[in-house]
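Hi,

Here is the structure I promised to pass on. Have a look at it first, and then read my notes below.

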Amino acid sequence: MGKTLVAYFSRTGNTRKVAEAIHNALDGDRLLQTIGDPADLESFDLIFVGFPVQAHSVPYPVEQYLKALPKGKKIALFGTHGSFPHHQMALEALEHAAVLTSQCRLLGTFHCRGKVSLQALEAFARSPEHLEWAEMAPSSASHPDAHDLAEAASFARDMKARSAEAGSPFFG
């Protein structure tokens, strides 16, 4: 099994918690670091990239990081958000991230809810175009919870297995 990088961007700590759960679930040679820390991305066989959904999209530092990933690199994306599970607002950001990584081999995605800062809630509640989100977000206050982190760990193990299969001559 090759080297694995779990890189993340977090403002409130939600994405960091999920990144740690992913990192801790993996065996072998692995590194946990924030996006922006230097790393030789070519030296990793699998890269997990995590981010908080912001304004229904990918934060700018993450956009730049995704665009710079080496061509053909096996990656898995994960995100945290204040929307209801599987709501279009959360999925749009993962779809955008997938487009930004079209040069890579995307093995899968994971997302879960995360507590939203009071400052963000207040700001978005005053914005008519974000009213639906502002009404959903308070119910995410207890997330990521133990169930979310267990699901993230399961996702990590599944992506690691897919990564090994992707290196096989029999992988589709």
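Before the notes, one term: a residue is called buried under 20% relative accessible area, exposed over 50%, and partly exposed in between, using a 1.4 Å probe and protein chains only. Keep in mind that this is a predicted model, where local features need pLDDT of at least 70 and side-chain atom pairs count only at pLDDT 80 or more, while totals for chains, interfaces and linings use all residues. Residues are numbered from 1 along each chain as its sequence is written, and side-chain values use heavy atoms, with hydrogens and water left out.

Let's start with the salt bridges. The term means a side-chain nitrogen of Lys or Arg within 4 Å of a carboxyl oxygen of Asp or Glu. Searching the whole structure turns up two of them. As background, side chains of opposite charge can pair when their charged atoms come close.

One joins the side chains of R16 and E20, at 3.3 Å from N to O. These two sit four residues apart in helix α1, so about one helical turn separates them. (Helices here are DSSP runs of H or I with at least four residues, strands are runs of E with at least two, and both are numbered from the N terminus.) E20 has 29% relative accessibility, so it counts as partly exposed. R16 is partly exposed too, at 32%.

The other joins R162 and D158, with 3.4 Å from N to O. R162 and D158 are four residues apart in helix α6, which means about one helical turn lies between them. R162 is partly exposed at 33%, and D158 is partly exposed at 34%.

Now, how do α1 and α6 pack? Helix α1 (residues 14-25) meets helix α6 (residues 146-166) at an angle of about 45 degrees, and their axes are 8 Å apart. That makes α1 oblique to α6; angles under 35 degrees count as roughly parallel, over 145 as roughly antiparallel, 65 to 115 as roughly perpendicular, and the rest as oblique. The axes are lines fitted to C-alpha atoms over the stretch in contact, and angles run from 0 to 180 degrees between N-to-C directions.

Which residues touch? On α1 they are K17, V18, A21, I22 and A25, and on α6 they are L149, A152, A153, F155, A156 and R157, where contact means heavy atoms within 4.5 Å.

Last, E95 belongs to helix α3 (residues 88-100). E95 and S57 are 38 residues apart in sequence, and their C-alpha atoms are 9.0 Å apart in space.

Cheers
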